[in-house]
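Dear colleague,

I am passing on the structure we spoke about, with the sequence alongside, and below it you will find my notes on what turned up when I went through it. Please read them with the model open beside you.

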Amino acid sequence: MGNQVGGAFVVYYNNQEIYHSCFRLSNHASVYLAELTAISTALDYVAVNNISQANIISDARSVLLALENPNNLEPHTVALKHKLVNLSGKIQLYWIKAHVGFAGNEKADEYAKQATTQQSIDIATSINIHVVKNLIKRELMVNWQHRWDSSTKGRSVYSLFPKVSTNRVQGDFFLNQLITGHGALAIYQQRFFGKTANCRCGHPIEDIHHIIYVCPLWDSIREKFFPRNFQSVKRELLLFNSISKTGLKEIMCNKLQTPLQELEDEGDVLGGGLVPLWLGRHGCPVSAARFLGVLGGVAVVAWLISFACLSACRYTY
């Protein structure tokens, strides 16, 4: 509860509670360790009171599976295995589902919550490598979230993904430009390369909103892939809907098919005349210079293969 960790066990005899014990653990202790410690302290009670037969019932399935696994060498788990082996009485471990009305289980949870409110720590636990990793990861995520919330950069992405996550990867070349506002958009080209921010349709600013919602150049694509009320649909819903997402990718792909005059302005000219090349599964342009580089690489590979064949022929005469 909060940053404090507690554990407890309850002893029942003839369906009556006869004893309970609750304890607070170190704040860095995991839920797994708290459950494991509860079983361990219950075994101590069995040993001290010379109980010859006891059934230990727990909802900590992960702990019970770890005890059953001979390859689990986690130090606290191994210590509990030794304690079980060294007890003289007959001990049986059972798993029950949590929070389904078992009186003993509900009582143990209640006492464990009470233990978290205690001022002092009853059982100080050592930090193992797994706990250290989790603490570092948690601290990194907190710092990352704070930096992401307070940053003035990447606000276009922030509007879509306000919460940081290590499980989210968006790797689409076309959609990423509409998520970040970087790339082929004229407003970005003006900011970093001093080009005009005008859209080819004549609008003075070509930004994300203009590309998705306004530009008449892409009306036919919107009509084909977007819902009728797309003007009132948020950007994130269009970006992550399978149908409208296809339309957005088609818009960006068509936008990247740069007019020939723009390529000439970039100096991508061969022998005084432009060589337009259309390669790739999206039909997007590849410059002549890049194509010649690829062609040169292919020629080198072909020469090496020819050389290898000639060498092989030479040695087979």
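Which exposed residues does the face of H3 turned away from its buried side carry? They are Pro75 and Asn86, and I will come back to the other side of this helix once the overall picture is in place.

Please keep in mind that this is a predicted model. The protein has 14 helices and 4 strands, and 32% of its 317 residues count as buried. Among the contacts with a separation of 6 or more, 54% are accounted for by residues 24 or more positions apart.

To return to helix H3, which runs over residues 75-86, its 12 residues reach 17 Å from the first C-alpha to the last, close to the 16 Å expected at 1.5 Å a residue. Its buried residues are Thr77, Leu80 and Lys81. Because these cover an arc of only 105 degrees around the axis, they lie on the same side of H3. The neighbours that the buried residues of H3 pack against are helix H1 (31-48) and helix H2 (61-68).

Helix H5, residues 129-150, can be read in a similar way. With 22 residues, H5 reaches 32 Å from its first C-alpha to its last, close to the 32 Å expected at 1.5 Å a residue. Val131, Gln145 and Trp148 are the buried residues of H5, and they cover an arc of only 125 degrees around the axis, which puts them on the same side of the helix. In general, an α-helix has 3.6 residues a turn, so residues three or four places apart point the same way. The buried residues of H5 pack against helix H6 (155-160), whereas the face turned away from the buried side carries the exposed residues Ile129, Lys133, Leu140, His146 and Arg147.

The last item is a pair of helices, H7 (residues 173-180) and H12 (residues 242-255), whose axes come within 8 Å and cross at roughly 90 degrees; the two are therefore roughly perpendicular to each other. On the H7 side the contact is made by Phe174, Leu175, Gln177 and Leu178, and on the H12 side by Lys245, Leu248, Lys249, Met252 and Cys253. Sorted by class, this contact of H7 with H12 has 6 nonpolar, 1 polar and 2 charged residues.

Methods:
Residues are numbered from 1 along each chain as its sequence is written. This is a predicted model: local features need pLDDT of at least 70, side-chain atom pairs count only at pLDDT 80 or more; totals for chains, interfaces and linings use all residues. Side-chain values use heavy atoms; hydrogens and water are left out. The expected span of a helix is 1.5 Å times one less than its number of residues. Buried means under 20% relative accessible area, exposed over 50%, partly exposed in between (1.4 Å probe, protein chains only). The arc is that of the directions from the helix axis to the C-beta atoms. Contact means heavy atoms within 4.5 Å. Axes are lines fitted to C-alpha atoms, for helices over the stretch in contact, and angles run from 0 to 180 degrees between N-to-C directions. Angles under 35 degrees count as roughly parallel, over 145 as roughly antiparallel, 65 to 115 as roughly perpendicular and the rest as oblique. Ala, Val, Leu, Ile, Met, Phe, Trp, Tyr, Cys and Pro count as nonpolar, Asp, Glu, Lys and Arg as charged, and the others, Gly among them, as polar.
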